[in-house]
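Subject: Structure handover

Hello,

Here is the structure for you to look through. My notes come after it.

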Amino acid sequence: MVIESVNPATGEIVGEVESTAVNQIGRIISDARTAQSDWSALPLGTRAGILRKFGELLLSRRKIVTELMSKENGKPLVEAYASEIIPSLSFIKYYASKSGKMLRQRRVEIGIPLLKTKKAYVRYEPLGVVGIISPWNYPLMLPLGQIIPALMAGNAVVFKPSEFTPLVGALIGDFLWEVGISRKLFSIIHGGADVGAALVSSGIDRLFFTGSTATGRKVAELAARTLTPVSLELGSKDAMIVLADADIESAASGAMWGAFMNSGQTCVSVERCFVDEKIADRFIEALRKKVAELRTGAGTEAGSDIGAIIHKAQFEIIRRHISDATSKGARVVVGGEFSEDGGGHFIRPTVLADVPMDSILMKEETFGPVLPVVEFRNEREAIDLANASKFGLSASIWTADSKHGLDLAKKLHAGAVTVNDVISYYGISDGMVGGVKESGTGRVHGREGLLEMVTSKYYEVERAPRMKKLWWYRYDAILLSFFETATDFLFSKSVFRKIGSLFKLAPKILRIRKL
Ligand code: NAD
């Protein structure tokens, strides 16, 4: 079956790929397993060298990649550079240079004196074959944030890009193969839910899923049947809290960009804005003026701030969230216009005020260029409102007092909290992304992301192999008494008791008989 890639701004076909037959996946996994053992045997520096070449290729072909992303996903070219190419190149540089140190074995501290004849290590080893299932909203940066550390750690990767951005997915494969990664070590499977589900059940060693909470739940249920470990990066409804001392101009610009970049189709988009009632009118007015100036249009046109919505179904979800909120009393401050002219799906960036907390817009992920603004009376109420969500990916606090902002951040239930900025933390290689509650269970980027790609294994050598251990058979009253006293010696807080038990231990040790 053929999957057509459609330009969301024009409805035109950008290209097509052949869907992978579900019955081929077993063979792809077994080929990957064979390739993985050779790959993991290479020195880490050699693996890093190959991935650096991949980075160089991506850098030299960036124009082709950004244009394809803009056509296939609808995003403005500026965003294709700023939020896809630059973070991707940074992940490659980071993991190629830092993985060796981060995966260095750890010498185990042997605490119990009786075990001190041992020497032990914890080593980090590849998982084997990992599956990566990605969404369409960041078709390059999101998968590479997992593919690069997975390969650096010595794994084989089976990658399923979104069926809405298969061409960018295919390009990742072309570039990796061109720099010498084998087609068996890194393979691409194309398709939708059926192909994704087949990958989940295929016997891979771990699945990295990024997508909606609804699909993540299905994936987790399916993975549980084979006890396949899963890392889930899911949806959210991120809160932005604007305190009374915040710089209104900058907070309004930040809220606007945080809510509308990538047409609001970002997992860490600002989807709920809570503003102190003392500055609410000025903040909303500043927003209105700024948002009115934004230009909506095809991402490939240099003057477009807001690109197209990915597809009709997403367009309808956004429309439903806005109309539910207005039917419950929300006021449209700016925007609220929908257009399907020219074969694309466009929504003028929309700010809503007086939005009731029971509207769908305040509860479910909207994933569109819509910003609901709600006023609060005091900080405690702001925190309660922000935490009143089933999601918890990230949140932001805007204030002139950054120390106070960091204190408040501790009270927010989210995987990340930023003070006076939004979203851009996602591109910091050494940072960390991952949610709480229904936003997921996984961690990507930084050391935490790399450690998700390995299994930790314990290695031990007994340095006195001829010595029979005190805890081996035979068990008798002498041995029992020895361990009673030894427990006292090891853990008693009193120095006198410790000294006393040491004197008692010496004669006992001589009477212990071992088989
Ligand atoms: P989606 O859940 O519809 O699809 C994600 C991927 O899962 C696609 O590749 C799809 O083909 C595949 N899939 C669909 N059904 C499947 C099944 N039953 N089994 C296995 N795979 C299946 O999500 P989407 O619309 O592509 O992406 C948008 C969602 O992704 C939003 O909810 C967004 O918040 C979330 N997201 C989260 C993060 C994060 O870091 N937490 C990042 C980006 C996007």
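This is a predicted model: local features need pLDDT of at least 70, side-chain atom pairs count only at pLDDT 80 or more; totals for chains, interfaces and linings use all residues.

Residues are numbered from 1 along each chain as its sequence is written, and side-chain values use heavy atoms, with hydrogens and water left out.

Domains. The chain splits into domain 1 (44–234 + 447–457), domain 2 (238–429) and domain 3 (468–511). These bounds come from an automatic or database domain assignment. The centres of domain 1 and domain 2, taken over C-alpha atoms, are 29 Å apart. Their contact (heavy atoms within 4.5 Å) takes 22 residues from domain 1 and 19 residues from domain 2.

Cores. A nonpolar core here is a set of buried Ala, Val, Leu, Ile, Met, Phe, Trp, Tyr and Cys residues joined through side-chain atoms within 4.5 Å. Buried means under 20% relative accessible area, with a 1.4 Å probe and protein chains only. The largest core has 78 residues, and Ile147, Ile181 and Phe186 touch the most other members. Helix H4 (residues 77–102) gives the largest share of this core, eight residues. Helices are DSSP runs (H or I, at least four residues), and strands are too (E, at least two); both are numbered from the N terminus. A second, separate core holds 44 residues, including Phe91, Met141, Val268 and Val334. Back in the largest core, Ile181 touches Trp39, Ile50, Leu51, Leu151, Leu176 and Phe186, leaving out residues up to four places away in sequence.

Helix H2. Its buried residues are Arg47, Ala48, Ile50, Leu51, Phe54, Gly55, Leu57 and Leu58. Their cover includes helix H1 (25–41), helix H3 (62–73), H4, helix H5 (141–152) and helix H6 (166–178).

Serine 83. This residue lies in helix H4. Serine 83 counts as buried because its relative accessibility is 13%. Its side chain reaches the backbone oxygen of glutamate 79 at 2.7 Å. Serine 83 also touches Tyr138, Met141 and Met261, again not counting residues up to four places away in sequence.

Sheet. Three strands form an open sheet in the order S3-S4-S21, with antiparallel pairing. Strands S3 (106–107) and S21 (454–462) are the edges, and each pairs on one side only. Pairing requires at least two DSSP bridges between two strands. Two bridges join S3 to S4 (residues 118–126). Arginine 107 has tyrosine 121 in S4 as its bridge partner.

Best wishes

Technical notes
Buried means under 20% relative accessible area, exposed over 50%, partly exposed in between (1.4 Å probe, protein chains only). A polar contact is a pair of N or O atoms within 3.5 Å; within protein, one must be able to donate a hydrogen and the other to accept it, and residues adjacent in sequence count only if both atoms are side-chain atoms.
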